[in-house]
Amino acid sequence: MRAILWGGMIVAGLTAAPLIAAHSLPDQDAIQSDEATALIESVRAATLRFEDVNAALAEGYVPDPSGECVTAKAHGLPAGLGAMGIHYLRPDLLGLTVTAPRVDGTGTHTDFMNPAILLYEPQEDGSLALVGVENLVFRKAWETAGNGGPPVLAGRSWDHMVDDPATPTEEAHHFEAHYDQHLWFRANPNGNLKPFNPGVTCRHHKA
């Protein structure tokens with residue numbers, strides 16, 4: 001695992017609307033609910049200023065120090081799932097604390113109107129297009145805060161990420177067990193709350 005000095009702390013490359021804790025609910029991504037559609041538009045309006053990446057930098061977001069533009073293929077998943085793009089992160093909202101043996105933290109931030117992660121797609125001219133946002137909470141911190149199940153957004157339980165040491169794939173991207181939830185502004189044929197988006201590409205990314 002490559003470690004990088006980030007904001008005074010060694011950090012591994014990283015790879016809201018009211019929320020409630022709940023046990024897993026049926027996945028409604030196949031048919032996007034009116035609630036999800038309205039939420040996406042509200043979050044898009046609340047984060048419009050971040051279409052200029054300089055506004056994100058000014059408010060404390062930093063690019064993923066690994067420099068990675070995340071694709072499903074690069075993480076051992078079918079290429080047809082698409083990509084996530086480049087992550088710009090707020091370390092304070094993620095509550096990052098340690099990096100070894102895995103990245104961990106106290107983060108339980110779930111407010112999508114003020115997201116912890118911004119998702120950008122590299123453009124051919126070298127600019128970045130804001131295509132979505134994400135929040136991530138560490139499972140231990142979430143449960144310590146008294147929650148009995150994953151966060152839920154628009155009727156959908158957040159994705160649970162935990163590494164399986166029996167496989168060669170790094171399922172949790174060198175993070176401790178956590179829940180994360182993506183919210184796409186770019187149309188996603190698989191559902192705008194899914195982790196990867198086939199409508200997002202990294203083909204113009206210059207490492």
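The model is predicted, so to speak of local features a pLDDT of at least 70 is needed and side-chain atom pairs count only at pLDDT 80 or more, while totals for chains, interfaces and linings use all residues. Residues are numbered from 1 along each chain as its sequence is written, and side-chain values use heavy atoms, with hydrogens and water left out.

**Overall picture**

- The protein chain holds four helices and 14 strands, taken as DSSP runs numbered from the N terminus (helices: H or I, at least four residues; strands: E, at least two).
- Of its 207 residues, 50% are buried, where buried means under 20% relative accessible area, exposed over 50%, and partly exposed in between (1.4 Å probe, protein chains only).
- The accessible surface of the protein chain is about 9,600 Å², and carbon and sulfur atoms account for 56% of that area; the areas come from the Shrake-Rupley method with a 1.4 Å probe, and for residues only the protein chains shown count as cover.

**Nonpolar core**

- The largest nonpolar core has 47 residues, and Phe50, Leu118, Tyr120, Leu153 and Leu183 have the most contacts inside it.
- Strand S10 (residues 128–138) supplies the largest share of this core, with six residues.
- Such a core is a set of buried Ala, Val, Leu, Ile, Met, Phe, Trp, Tyr and Cys residues joined through side-chain atoms within 4.5 Å.

- Six of the six residues of strand S9 (residues 117–122) are buried, so S9 is largely enclosed by the rest of the structure.
- In a regular strand, side chains alternate between the two faces of the sheet.
- Here Ile117, Leu119 and Glu121 point one way from S9, while Leu118, Tyr120 and Pro122 point the other way, and all are buried.
- Strand S6 (residues 83–89) runs antiparallel to S9 and is joined to it by four bridges; strands count as paired if DSSP finds at least two bridges between them.
- His87 has Leu119 of S9 as its bridge partner.
- S9 also pairs with S10, in the antiparallel sense, over six bridges, and Pro122 has Leu128 of S10 as its bridge partner.
- The hairpin of S9 and S10 has five residues between the strands, and Gly126 takes a positive phi near 95 degrees there.

**Disulfide**

- Cys69 and Cys202 form a disulfide with an S to S distance of 2.0 Å, where the rule asks for a pair of cysteine sulfur atoms within 2.5 Å.
- Cys69 lies in strand S5 (residues 69–71) and Cys202 in the segment after strand S14 (178–184), so the pair ties together parts 133 residues apart in sequence.
- The torsion about the S-S bond of Cys69 and Cys202 is about -80 degrees, so the disulfide is left-handed.
- Cys69 is buried at 8% relative accessibility, and Cys202 is buried at 16%.
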